[in-house]
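Student: Could we go through this structure together, one question at a time?

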Amino acid sequence: MRENIREITEKLQAAAIEELPVLLIKYTDDERTGVRSAVDKGRRRILAYEMEVARSKELQKYEQEYAAYEYVCGIDEVGRGPLAGPVVAGAVILPKNCDILYINDSKKLSEKKREELYDIIMERAVSVGIGYSTPERIDEINILQATYEAMREAIGKLAVMPDLLLNDAVTIPQVSVRQVPIIKGDAKSISIGAASIVAKVTRDRLMVQYDEVYPEYGFASNKGYGAQVHVDALRKYGPCPIHRRSFITHFCETE
């Protein structure tokens, strides 16, 4: 009995990427418009996958360049700009020739994709370290120095000592391990991209928790950044304990 168009379409949509080429050959001579459309979509899906594989390989050029080092660690931070909440740093050592797809600068990924990749990274990484610097510490020593502290903490929490650090743009003081700063590294290095995702998901989840404690400021949606609803709440209610006093002087009294 001949398969109907809906059955074929659903089969092609559900097929794993490895199964698609054989299925496309099977249905490529079917002249029905719906089947032709489903086959075309399958071909585009394969092309997109192949492009992502190529992009992922390009994302490993720094890891390949420094392949002589056993443990190459990517470092990135999230949360330098918000008015509230900590700055969070991630340190990630991925296995050599890591084949995790879709890693990128966390800001270029949807929340859903970041969450998916977070779980994969945490499962497959050789080691992950996360560091924090509190709003109080940011006010005390400034955001740049607080970011460095969070990065050093993240490195210190790794289960193995890295032999090389790939950093997103910065050189971290008081770190003896060799460092390679890479401008826009979270979009150029798979290790830094992974660290960016881990730091972003960790901080976003924390800000959602803070939203339950301080619901007036909309932290679940704005994550502590200066969205209008956040600024309006600051002016109405004043700061809460997780606000960075040095960041909000234009919006409200901090004493």
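Student: Which residues does Lys188 touch, not counting residues up to four places away in sequence?
Tutor: Keep in mind that we are looking at a predicted model. Lys188 sits in the loop between strand 5 and helix 8. Leaving out residues up to four places away in sequence, the ones Lys188 touches are Glu58, Leu59, Tyr62, Ile182 and Ile183.

Student: Is Lys188 buried, partly exposed or exposed?
Tutor: Buried needs a relative accessible area under 20%, and exposed needs one over 50%. The relative accessible area of Lys188 is 34%, so Lys188 is partly exposed.

Student: How far apart in space are Lys188 and Val231, C-alpha to C-alpha?
Tutor: Along the sequence, Lys188 and Val231 are 43 residues apart. In space, going from C-alpha to C-alpha, Lys188 and Val231 are separated by 34 Å.

Student: How many nonpolar residues are in the contact of helix 1 with helix 2?
Tutor: Helix 1 brings Ile8, Lys11 and Leu12 to this contact, while helix 2 brings Leu20, Leu23, Leu24, Lys26 and Tyr27. Sorted by class, the contact of helix 1 with helix 2 has 2 charged residues and no polar ones, and the number of nonpolar residues is 6.

Student: What is the handedness of the crossing of helix 2 and helix 3?
Tutor: Helix 3 is made of residues 33–58, and helix 2 packs with helix 3 at an angle of about 155°. Helix 2 and helix 3 are therefore roughly antiparallel to each other. Their crossing is left-handed.

Student: Which residues of helix 3 make the contact with helix 2?
Tutor: On the helix 2 side, the contact is made by Leu20, Pro21, Leu24 and Tyr27. By class, the contact of helix 2 with helix 3 holds 7 nonpolar, 1 polar and 2 charged residues. The helix 3 side consists of Val35, Val39, Gly42, Arg43, Arg45 and Ile46.

Student: And how do helix 1 and helix 3 run, roughly parallel or roughly antiparallel?
Tutor: Here the packing angle is about 5°, and the axes of helix 1 and helix 3 are 9 Å apart. Angles under 35 degrees count as roughly parallel. So helix 1 and helix 3 are roughly parallel.

Student: Now for charges. How many salt bridges does the structure hold?
Tutor: Side chains of opposite charge can pair when their charged atoms come close. One set of residues, Glu3, Lys11 and Lys26, is linked in a network of salt bridges. The number of salt bridges in the structure is 18.

Student: How many residues apart in sequence are the parts that Asp186 and Lys107 tie together?
Tutor: Asp186 and Lys107 form a salt bridge, with their closest N and O atoms 3.7 Å apart. Asp186 lies in the loop between strand 5 (178–182) and helix 8 (190–213), and Lys107 in the loop between strand 2 (87–93) and helix 5 (111–124), so the pair ties together parts whose separation in sequence is 79 residues.

Student: Which helix holds both Lys200 and Asp204?
Tutor: Lys200 and Asp204 form a salt bridge with their closest N and O atoms 3.3 Å apart. Lys200 counts as buried at 15% relative accessibility, and Asp204 is buried at 10%. They are 4 residues apart, about one turn of the helix, and both lie in helix 8.

Student: Last one: is Asn97 buried or exposed?
Tutor: Asn97 has a positive phi of about 55° although it is not a glycine. Asn97 is found in the loop between strand 2 and helix 5. The relative accessibility of Asn97 is 57%, so Asn97 counts as exposed.

Note on methods: Residues are numbered from 1 along each chain as its sequence is written. This is a predicted model: local features need pLDDT of at least 70, side-chain atom pairs count only at pLDDT 80 or more; totals for chains, interfaces and linings use all residues. Side-chain values use heavy atoms; hydrogens and water are left out. Contact means heavy atoms within 4.5 Å. Helices (H or I, at least four residues) and strands (E, at least two) are DSSP runs, numbered from the N terminus. Ala, Val, Leu, Ile, Met, Phe, Trp, Tyr, Cys and Pro count as nonpolar, Asp, Glu, Lys and Arg as charged, and the others, Gly among them, as polar. A salt bridge is a side-chain nitrogen of Lys or Arg within 4 Å of a carboxyl oxygen of Asp or Glu. Buried means under 20% relative accessible area, exposed over 50%, partly exposed in between (1.4 Å probe, protein chains only). Axes are lines fitted to C-alpha atoms, for helices over the stretch in contact, and angles run from 0 to 180 degrees between N-to-C directions. Angles under 35 degrees count as roughly parallel, over 145 as roughly antiparallel, 65 to 115 as roughly perpendicular and the rest as oblique. A crossing is left-handed if the near helix is turned anticlockwise from the far one by less than a right angle, and right-handed if clockwise.
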